[in-house]
Amino acid sequence: MVKLFISGFGTVGQGFVEVLGRRVDFFENRYGEQPIVVGIMDSKTVVTDPKGIDVGAAVAKKLETGSVGTEKYTDSVKALDSVDYDILIEVSPTNIKTGGVGLVNITHALECGKDVITVNKGPLALKFQELITLARKNGCKFRFEGTVGGAMPIINLCHENLKGEKISSIRGIFNGTCNYILSKMDKGQPFEQALKEAQQLGYAETDPTNDVEGYDAATKVVILANSVFGRNVTFDDVKITGIRGITTDAIDQAAAHNMVIRLIGEISDTRLEVAPRLIPVGHPLSIAGTLNIAQIDADLAGPITINGHGAGKIETASAILSDLIAIMDMRY
Amino acid sequence: MLLSAELYVKDLPGQLVGSLEPISMVDGNIIGVVHDREKLVNQRILVSVTFEVADSKKLEELKRIWKSRDVIISEMGSVYQTITREFMMVGKFNAAYIENLLDEAGSIVRLESADVSYASKNQSNDKRTAMITAEVRTKEELEKLDEFFSEACRKDDMLYIRGL
């Protein structure tokens, strides 16, 4: 029986347990048993049960009281050590400056020989090589499909289906919030108004810096550069230009040339960049709305384009589920 | 190498194929052929062909084969392809600034053409937008041009948006 510890019980953590509930038959048919959740912690409290937590009750408690457990903790490592588990599901909020508690939890779990699945971009953008090396040294599986593009399966596509290809570049839209704002600007809204609308709809945070300055997209560029291209780069190596300076004049002039402006992340031999680019209307990267999209240039297959929802409760949880199945397939 | 040639071949059956076959013999690639029967000179007709060969060694080999087959080369020249890319700049500048920038760019790369259009509809700030459509011959020149514009925009605090 696979025992899971979920660190972070916000939207994505709750979405993941909902997805586990939706796939009871799948696990039964494939493995003859269910993975059980033996530990859940949020930012302040922890709940553990070696026999398996009633996740429905945990979600209800979280929604009702704001806390998943009754036991408060000050040290997340001690909270992790309070119960035996096999796989850490790390879905705490991203901190791209320090890696935050996510980096502490992932490092500790790998040091203890546990497998890790994460959608937390911060630790990978800052300490990718260190974490991969630690996982290899301790024989742990470390998977992070949901860190780039949410439900869009770009990492596993490159690692598994495109194994024999030489990938020369990946270009894509890796931030749905910016794409939403730019799509609204295409229709004539000025930047500030489009941003406000994105905030009202919950696409953008109250402090939108990480999105509009291109930092969020840059973390994904770092993860792709390291994981797909085998580079050894960090957040500071990415040349970043955000979308704040884009005027309605610029949008209009692009339109007059049958183009749109999109925030594009690019990884190639010569570029590691996030910047607004002029995209011809009709080009796959000219998509509108909150979708993420990536164009992979492979030497044998040629250009491959994938798109999908870059965020969302169930969409991101689907990426965790695919990583969980990949690990369980190796265990069973 | 992409080339175009005007060949005169005898107006006899099989001569057209006989003039094109040597391109394949040197592993070349025929892009296009125009067979002009109306241009008859000394009982020979004009064949205009655009083709690719790997290098000048292959081209010399091709010329030798044509000569041995009595194909007359009346004209031959390089055909070059160009790459067009859009570059947008948003910031505080005037048309003279962009003209100077293009002059300087022209001294760094060979600009086949450069068109500029401006917009400054938004009166709430004094930012302008310039869209440059530039045409160069090689990828390397395009990268140099991109680097030059990017650096100029960084230095002069302008937003730089380039084409894909």
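Visitor: Opposite which residue in strand 8 of chain B does Arg277(A) stand?
Guide: This is a predicted model, in which local features need pLDDT of at least 70, side-chain atom pairs count only at pLDDT 80 or more, and totals for chains, interfaces and linings use all residues. Residues are numbered from 1 along each chain as its sequence is written, while chains are lettered from A and ligands numbered from 1 in the order in which they are written. Strands (E, at least two residues) and helices (H or I, at least four) are DSSP runs numbered from the N terminus. In strand 8 of chain B, the residue opposite Arg277(A) is Arg162(B).

Visitor: How do strand 11 of chain A and strand 8 of chain B run, parallel or antiparallel?
Guide: Two strands pair if DSSP finds at least two bridges between them. Strand 11 (residues 272–280) of chain A has 2 bridges to strand 8 of chain B, and the two run parallel.

Visitor: Which strand of chain B gives the largest share of the side that touches chain A?
Guide: The contact (C-beta atoms, placed from the backbone, within 7 Å) takes 18 residues from chain A and 16 residues from chain B. On the chain B side, two or more residues come from each of strand 5 (83–91), strand 6 (113–119), strand 7 (128–136) and strand 8 (159–163). The largest share, 4 residues, is that of strand 8.

Visitor: How many residues of that side of chain B are charged?
Guide: Asp, Glu, Lys and Arg count as charged; Ala, Val, Leu, Ile, Met, Phe, Trp, Tyr, Cys and Pro as nonpolar; the others, Gly among them, as polar. The side of chain B that touches chain A has 7 nonpolar and 5 polar residues, and its charged residues number 4.

Visitor: Which strands stand at the edges of the open sheet of 4 strands in chain B?
Guide: The order is 2-3-1-4, with antiparallel pairing. Each edge strand has a single partner, so one side of it is left without a neighbour in the sheet; these are strand 2 (29–41) and strand 4 (72–78).

Visitor: Which residue is the bridge partner of Ser4(B) in strand 3 of chain B?
Guide: Strand 1 (residues 2–10) and strand 3 (residues 44–52) of chain B run antiparallel and are joined by 9 bridges. In strand 3 of chain B, the partner of Ser4(B) is Thr50(B).

Visitor: At about what angle does helix 1 of chain B run to strand 1 of chain B?
Guide: Angles run from 0 to 180 degrees between N-to-C directions, with axes as lines fitted to C-alpha atoms, for helices over the stretch in contact. Helix 1 (residues 15–25) of chain B lies across strand 1, strand 2 and strand 3 of chain B, and its angle to strand 1 is about 150°.

Visitor: What arc do the buried residues of helix 4 of chain B cover?
Guide: A residue is buried if 20 or more other C-beta atoms, placed from the backbone, lie within 10 Å of its own, exposed if 12 or fewer, and partly exposed in between. In helix 4 (residues 139–155) of chain B, the buried residues are Leu142(B), Leu145(B), Phe149(B) and Cys153(B). They sit on the same side of the helix because their arc (from the directions from the helix axis to the C-beta atoms) is only 65°.

Visitor: Which residues does Val59(A) touch, not counting residues up to four places away in sequence?
Guide: Val59(A) is in helix 3 (residues 55–65) of chain A. Val59(A) counts as partly exposed because it has 19 C-beta neighbours inside 10 Å. Residues up to four places away in sequence aside, Val59(A) touches Gln14(A) and Val17(A).

Technical notes
Two residues are in contact if their C-beta atoms, placed from the backbone, lie within 7 Å. The expected span of a helix is 1.5 Å times one less than its number of residues.
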